[in-house]
Amino acid sequence: MTEKILLSYAHEDAKYVDQAIKELREREIITEKNVFLDALADGIQFGEDVRVALQKKIENASKIVFLISDSNLDSVWVNYEIGLARAL
């Protein structure tokens, strides 16, 4: 079965995403068969409720990887995503 992995990160940290994916593959946390659901790259449609869109992405994910940095430690959205993930 193909896993769907949500990658959650601060917009400011987008430059680190490729390196994070490489390291997760090296540690076999993710494999070539995984499908990525990127909360930022997949975007949220104009007029769409951000909270509802994020909830759908989290509910559809098999795994969620949070890239935590100084850029997002105090982020309302990152904390919201972590709270949703923990609630499921």
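This is a predicted model: local features need pLDDT of at least 70, side-chain atom pairs count only at pLDDT 80 or more; totals for chains, interfaces and linings use all residues.
Student: What makes up the chain, and in which pattern?

Tutor: The chain has 3 helices and 3 strands. Along the sequence they follow the pattern β-α-β-α-β-α.

Student: How many residues does the chain have, and what share of them counts as buried?

Tutor: The chain has 88 residues, and 33% of them count as buried.

Student: Why is serine 8 called buried?

Tutor: Set the value against the cut-off. Buried means under 20% relative accessible area. Serine 8 has 2% relative accessibility, so serine 8 counts as buried.

Student: Where is serine 8 found, and what is in contact with it?

Tutor: Serine 8 is in strand S1. Leaving aside neighbours within four places in sequence, serine 8 is in contact with Val65, Phe66, Leu67 and Glu81.

Student: How do you know whether isoleucine 21 is buried or exposed?

Tutor: Apply the cut-off again. The limit for buried is under 20%. The relative accessible area of isoleucine 21 is 16%, so isoleucine 21 is buried. This residue sits in helix H1. From isoleucine 21 to threonine 31 is 10 residues in sequence and 9.7 Å in space, C-alpha to C-alpha.

Student: What makes a group of residues a nonpolar core?

Tutor: Two things. The nonpolar residues must be buried, and they must be joined through side-chain atoms within 4.5 Å. The largest such core here has 10 residues: Ile5, Leu7, Tyr9, Val17, Ala20, Ile21, Leu24, Ile30, Val65 and Leu67. H1 gives the largest share, 4 residues.

Student: Which residues does valine 17 contact?

Tutor: Leaving aside neighbours within four places in sequence, valine 17 is in contact with Leu7, Tyr9 and Leu67.

Student: What is the share of contacts between residues 24 or more positions apart?

Tutor: Such pairs account for 68% of the contacts with a separation of 6 or more.

Student: Which residues of helix H2 are buried, and how do you know where on the helix they lie?

Tutor: In H2 (residues 50–60), the buried residues are Ala53, Leu54, Lys57 and Ile58. Seen down the axis, they fall within an arc of 135°, so they line one face of H2.

Student: What makes aspartate 49 a cap for H2?

Tutor: A side-chain oxygen of aspartate 49 lies 2.9 Å from the backbone nitrogen of arginine 51. The limit for a polar contact is 3.5 Å. Aspartate 49 therefore caps the N-terminal end of H2 by a pair that falls within this limit.

Student: Which residues of H3 are buried, and against what do they pack?

Tutor: Val78, Glu81 and Leu84 are buried. They cover an arc of only 125° around the axis, which puts them on the same side of H3. The buried residues of H3 pack against S1, H2 and strand S3 (63–66).

Student: What does the face turned away from the buried side of H3 carry?

Tutor: That face carries the exposed residues Val76, Arg86 and Ala87.

Student: Which atoms come together at the start of H3?

Tutor: A side-chain oxygen of serine 75 reaches to within 3.2 Å of the backbone nitrogen of tryptophan 77.

Technical notes
Residues are numbered from 1 along each chain as its sequence is written. Side-chain values use heavy atoms; hydrogens and water are left out. Helices (H or I, at least four residues) and strands (E, at least two) are DSSP runs, numbered from the N terminus. Buried means under 20% relative accessible area, exposed over 50%, partly exposed in between (1.4 Å probe, protein chains only). Contact means heavy atoms within 4.5 Å. The arc is that of the directions from the helix axis to the C-beta atoms. A polar contact is a pair of N or O atoms within 3.5 Å; within protein, one must be able to donate a hydrogen and the other to accept it, and residues adjacent in sequence count only if both atoms are side-chain atoms.
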